[in-house]
Amino acid sequence: MQGPNGSGARNASDANGRGIMSPAEMLGFTPGEARKLPSWPQVVAYFRHLGEASDRVQFEELGPATEGQPFVLATIAAPETLADLERYREIQRRLADPRITDEAEAERLVGEGKTVVLLTCSIHSTEVGSTLMALNVAHELATGDDEQTRAILDGVILLLVPSLNPDGWQLVYEWYTKTLGTPHEGTAPPTLYHTYTGHDNNRDWFMLTQVENRLAVERIHNRWHPQIVFDQHQMMADGARFFLPPYIDPYDPNVDPILQQQINQLGAAMVADLTAAGKAGVATGIIFDAFSPSRAYQHYHGGVRILSEAASCKICTPITLTEDRLREARGFNPRVATSNHPLPWRGGGEWTIGDIVDYERIATYALLNNAARARDRWLRNFYRVHQHAVARTAPHAFVLPAGGRDPGAAHELLAALQTGGVEIARATAPFTADGVQYPAGSYVIPLAQPYGPFAKTLLEIQHYPDLRLYPGGPPKPPYDITAQTLGLQFGVETVQIEHPFEAALEPVTPEDLRETSARIVSPAALPRDRQGGRARDAATVGLIGAETNGSARAVNRLLADGARVARTAEPFEAGGRSFAPGAFVVEGLDADALERLAREHGLTLGLLSPGMLPDVRRPLRQPRIGLYRSHRPNGIDEGWTRFILERYGFAFATVRDGEIRQGGLGDRYDCLVLPHQAAKEILEGNSAADYPPEFSGGIGGEQGAANLRRFVEEGGTLVALGGACELAIEQLYLPVTDALAGVKAEQFYAPGAIFRIIVDPEQPVGYGYERDVAALFMHGPAFDVAGPAGGGREVAAVVARYPLSNPLLSGWVLGPGHVAGKAAIVDAPVGRGRAILFGIRPQFRAQARGTYRLLFNALYASALG
């Protein structure tokens with residue numbers, strides 16, 4: 001085993017005399033050997049061994065991941081540093097908040113502190129190189145006695161997360177070892193490698209819905225405030241061999257210029273070391289931008305996020321690439337030498353997991369050397385970035401006015417900000433800001449605070465620039481979506497305040513946001529007892545407003561418990577409050593039980609006597625829901641949909657390809673949900689050349705399509721999301737076409753933007769909504785609906801459509817006229833059943849909470865009498 005500078009590592013032992021084994025000694029192979037992959041328990045056991053055997057390594061289990069594998073952290077530093085970690089955490093905390101640390105104290109702390117580096121590995125579990133590299137580097141740092149190792153240990157506290165997705169690592173290990181020596185060796189598992197999010201788990205770094213990401217943020221980021229985060233990934237095999245920053249434009253304007261330049265400087269230093277080591281194919285300034293906060297938590301918390309992307313092999317199986325197979329993409333040609341790619345890789349041989357480990361190891365040491373040598377600069381600039389944040393003058397704040405339609409959604413939005421360290425206040429009296437009066441109880445998020453940039457990027461409107469690959473050419477694709485504005489996505493009114501104002505404010509705690517507020521109305525006509533209170537033994541009917549997400553949780557519990565539930569079909573007045581069409585009528589519960597339910601879920605509840613019931617109501621039973629789950633490794637939307645349905649208490653079953661091929665779906669389901677996925681992938685699935693028969697073939701082409709048709713014609717409801725609408729339109733012969741089919745990107749392009757849609761709240765799918773709604777649009781269809789033939793009945797109902805004007809609310813769209821007036825959601829009758837098509841993404845990444853209920857309504861519609 002060679003040390004980081006080529007010298008031999010010592011056969012080390014700590015003060016207790018216990019020897020430190022190498023990874024090869026514990027695993028039986030050196031990480032990076034072809035076709036060798038350790039299990040997650042083996043990885044954990046090695047880091048646990050280092051923690052027990054070395055006084056330079058502290059090992060922690062931070063908690064279980066989603067499916068129970070341990071999520072672990074190794075802290076590596078000089079022994080005297082490890083012995084005093086609380087002191088160094090306090091230094092970080094004080095440098096992160098200039099309101100409590102003046103410049104003189106900051107300079108003293110800069111002299112005492114260490115550069116804190118967080119190294120995160122293998123969040124995408126087929127990208128195994130970084131975890132293998134981390135095993136080797138951890139051993140070298142635990143045993144090395146050379147000058148470079150000593151300098152790193154003295155100047156840096158390294159927080160090493162061997163995998164941000166340990167469940168996924170074990171899944172990949174089991175699939176890879178099972179398929180070794182078969183024609184399927186090196187393929188991705190035929191399922192999501194994160195329980196719910198698959199490849200999207202690194203797009204969850206501001207909502208933090210997933211267990212692993214919350215552990216990383218709450219137990220590492222927020223405790224340690226690292227100056228540098230090094231997030232190691234892998235990419236397609238046929239491009240550059242290795243990517244490092246600088247990133248391409250655009251940057252989110254909320255990323256401090258100091259951080260942008262530090263990213264450029266550090267990336268250049270790492271590239272220089274790789275090139276000096278003879279590593280070809282290293283590119284900067286390609287493909288990857290720094291616009292979206294979904295992958296860059298630290299950019300809004302005073303530190304830099306360095307992304308590396310190594311070209312992949314087939315898990316740990318080598319591939320052979322000739323130069324002519326290297327592919328130009330997104331304006332980058334890996335065969336051509338340029339200033340940002342001066343030493344092309346010429347191919348012609350094998351590309352191996354050992355190559356990936358070597359590139360990542362050199363990059364890791366280059367970063368650690370820089371962090372150690374420039375320790376004072378990293379700490380001083382960390383403080384300066386936070387000085388800039390607390391000195392902000394405009395905009396001054398954001399206000400969430402009290403009295404919104406869905407207080408629970410507002411609390412969820414604020415909780416996401418609070419998890420990111422944002423300070424929130426609540427007004428104890430009315431106040432005026434920018435000439436508008438706001439009531440007591442309104443929430444205020446001042447932006448002059450250490451993590452104000454995090455709040456600002458999540459709450460403001462995004463204005464993404466119109467970037468082209470060349471003048472007049474196709475759009476330059478962003479690396480992620482172009483808008484995240486949470487107020488729009490949550491359906492929560494959020495007002496940007498430009499100027500300072502005076503208000504009586506109190507701090508808001510996490511406990512405050514866990515409280516729910518019910519709005520309960522009780523008409524005077526209800527029976528009263530002799531003291532004038534409501535008669536508790538009188539028959540009572542509950543009327544639950546459909547305008548809150550919490551109503552779905554409450555109704556699903558009621559349905560599961562056998563309560564009698566119906567939905568109103570017309571507006572209704574109760575106790576001076578209007579209930580829009582779609583309110584839930586609940587019979588069989590007493591008033592106390594209804595009030596408890598309302599307070600638990602933050603409902604609008606009317607308490608009525610039976611004689612006051614609305615005349616027109618439709619009985620609702622618990623829908624029998626089937627959620628289609630493909631064997632394609634990239635079926636990400638299914639995972640997000642499953643996550644949301646579970647969180648809201650929907651009872652559903654997973655439907656696999658074989659069940660659709662078998663048919664008889666109507667015997668088991670009222671509703672089938674096809675999450676966003678290309679029609680070809682649903683119909684044909686994985687190739688039989690890559691996967692065994694049980695994981696290939698999709699729903700069986702025409703056979704499966706015919707069974708879906710039969711299901712709908714016999715009374716079932718098919719709900720198709722995004723790309724799956726193409727299958728529904730073509731295979732159910734709907735009187736609907738995709739107005740964007742065949743339209744080139746130069747003419748229309750919307751790679752993840754927030755659009756305005758106009759909803760019909762009298763349609764069952766639109767129940768509970770106001771007319772003007774914000775929705776996430778991402779490469780979706782937009783529908784033209786055929787009119788009735790010969791003056792007959794409408795062949796399909798338009799639940800929501802785009803306005804005739806530009807629908808863009810936040811983000812980027814080219815050619816908005818192509819969707820002007822087109823339908824966004826369609827409810828089309830088919831035989832005795834129906835198909836409900838969503839061109840928008842109503843449950844996107846568990847962020848689009850303001851449109852969840854459109855999907856929920858579609859599910860309920862399948863079980864409405």
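Author: Contact here means heavy atoms within 4.5 Å. In that sense Trp40, Pro41 and Val43 of helix 2 meet Pro166, Trp169 and Gln170 of helix 8. The model is predicted, so local features need pLDDT of at least 70 and side-chain atom pairs 80 or more, while totals for chains, interfaces and linings use all residues. Numbering starts from 1 along each chain as its sequence is written, and side-chain values use heavy atoms, without hydrogens and water.

Reader: How many helices and strands are there in the protein chain?

Author: Helices (H or I, at least four residues) and strands (E, at least two) are DSSP runs, numbered from the N terminus. The protein chain has 24 helices and 39 strands.

Reader: At what angle do the axes of helix 2 and helix 8 cross?

Author: A packed pair of helices is described by two quantities, the angle between the axes and the distance between them. Axes are lines fitted to C-alpha atoms over the stretch in contact, with angles from 0 to 180 degrees between N-to-C directions. Helix 2 (residues 40–53) and helix 8 (residues 166–179) have axes that come within 8 Å and cross at roughly 125 degrees. Angles under 35 degrees count as roughly parallel, over 145 as roughly antiparallel, 65 to 115 as roughly perpendicular and the rest as oblique. Helix 2 and helix 8 are therefore oblique to each other. Their contact has five nonpolar residues, one polar and no charged. For these classes, Ala, Val, Leu, Ile, Met, Phe, Trp, Tyr, Cys and Pro are nonpolar, Asp, Glu, Lys and Arg charged, and the others, Gly among them, polar.

Reader: Which residues are the closest to the centre of the largest cavity?

Author: On a 1 Å grid over the protein atoms alone, a cavity is a set of points where a 1.4 Å probe fits but cannot get out, and lining residues have an atom within 4 Å of a point. Points are joined across faces, edges and corners, and volume is the space filled by probe spheres set on them. The count is six cavities of 30 Å³ or more. The largest has a volume of about 140 Å³. Of its 15 lining residues, Trp205, Val229, Asp231, Arg295 and Arg305 are the closest to its centre. Strand 3 (115–121) and strand 5 (228–235) each supply at least two residues of this lining, which has seven nonpolar, five polar and three charged residues.

Reader: What volume does the second largest cavity have, and which residues line it?

Author: The second largest cavity has a volume of about 80 Å³. Its lining includes Thr191, Tyr628, Arg632, Glu638 and His676. By class, this lining has three nonpolar, five polar and four charged residues.

Reader: Where are the backbone features, such as the cis bond to Pro246?

Author: The peptide bond from Pro245 to Pro246 is cis, with omega near 15 degrees. Pro246 lies in the loop between strand 6 (242–243) and strand 7 (248–251). Another cis bond joins Asp249 and Pro250, with omega about 5 degrees, and Pro250 is in strand 7.

Notes: On a 1 Å grid over the protein atoms alone, a cavity is a set of points where a 1.4 Å probe fits but cannot get out, and a pocket is an open set with protein on both sides within 12 Å along at least five of seven lines; lining residues have an atom within 4 Å of a point.
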